Amino acid sequence: MEKIKVGIIGTGFIGPTHIEAIRRLGFVEVVGLAETSIEVAKKKAAEFAIPKAFGDYREMLKDSEIQVVHNCTPNHVHFVINKEIILAGKHVISEKPLAMNSQESVELLELAEKHGIVHGVNFNYRQYATVQNLQAKIANGDLGKVNLVHGSYLQDWLLYETDFNWRLAPEVGGKSRAIADIGSHWCDTVQFVTGKRIVEVFADLATVVPVRKKAKNAAATFSTQTSNEQEFEEVQIHTEDYASVLVRFEDGGRGVFTVSQVSAGRKNRLSFEINGSQCSVFWNQEEPEKLWIGHRDRANETLLADPSLFTVEARSQIHHPGGHNEGWPDALKNMMLNFYSFIRDGKSLKSDKPNFATFKDGHNSMCITDAILESNEQQKWVKVQTTKEVFA
């Protein structure tokens, strides 16, 4: 069988992780890489052993050999590049956020549907084996009625005033930072697990570090670069470091979550607890092999990831025996495996249900972000206006 040919746009933090995940599949090949200049593209292509280098992504989109394009660029160019990928007739995986607002994201969704291409958004936390297993357990009624969902997504990589990154600039990262970058993952994961859509929000956002010191040498995302001799310029910050959001689900369920990028000691802690009418569960992505299950009338328990203990529906998403823990790169591999298997098997988003987040989910995420920003501004409950059916 001939391998599916892929091009990658952008090689910052996330692009190389896409390349690594794709190469673990075996039936997909990365043949092209596009960067902001031909010099950078050639350097990166040589580093990753990719045969074709493009100094302009538009040239890569003209390459008839490339069937799928990954958009791994900064947020402010997601919309334009995604649109051009679709118009070129290529299948697309986009990093989130899908666009800068819900007006742009719904345009992309409608365009992708019109052109009949396969579209995906990299919401990879729903692809953890334990999360897939939990989704199946909830769908099978193991928790009873889901009443409450609460949790957080905490990081510390922007704790200090000298921590700086392109994500802090609203003209590049967007009007929202913590919510758009990590809150979107929390919302997507709990909506996937519970099968329930968030329909209303009440938000409180704050910029904990209002003025930051920007080094003259730009740092990459999650960089911990320090230097006593470094020179800085002061920059006013207009996006949130922190947010807490009350949420209401479509069936009347309630929830709340907090996001922060200034919580010392929390590296990448996405966690949630779900309280059902029969039992509770808790999951934390920094210890992804564990699922805590809480009971009222008997001892609580911890389910360790093990294919022999998983539901039939989730067994294909775990690839090693119990005790051989799988983590963040394996969830990303599952995202790629599910996306490319869908293409390999000739399936269509018009008739087949995907096991990955599509532009519908990306648009839903943008609508939630828009509602959260409006709620914080007006200090009241705001309904999530999807403007298009996005939850099958």
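Thr130 counts as buried in this predicted model, at 5% relative accessibility, where buried denotes under 20% relative accessible area, exposed over 50%, and partly exposed the range in between, computed with a 1.4 Å probe on protein chains only. The residue Thr130 lies in helix 6 (residues 129-139), helices being DSSP runs of H or I with at least four residues and strands runs of E with at least two, both numbered from the N terminus. When residues up to four places away in sequence are not counted, Thr130 touches Trp283, Pro288, Glu289, Lys290, Leu291, Ala305 and Phe310, a contact being defined by heavy atoms within 4.5 Å. The model is predicted, with local features requiring pLDDT of at least 70 and side-chain atom pairs counting only at pLDDT 80 or more, whereas totals for chains, interfaces and linings use all residues. Residues are numbered from 1 along each chain as its sequence is written, and side-chain values use heavy atoms, with hydrogens and water left out.

Ser94, placed in strand 5 (residues 91-94), is likewise buried, with a relative accessible area of 0%. Beyond residues up to four places away in sequence, Ser94 touches Asn71, His78, Asn82, Gly120, Val121, Asn122 and Phe359.

Helix 9 (residues 328-344) comprises 17 residues and reaches 24 Å from its first C-alpha to its last, close to the 24 Å expected at 1.5 Å a residue, the expected span being 1.5 Å times one less than the number of residues. Just after helix 9, Gly346 adopts a positive phi of about 70°.
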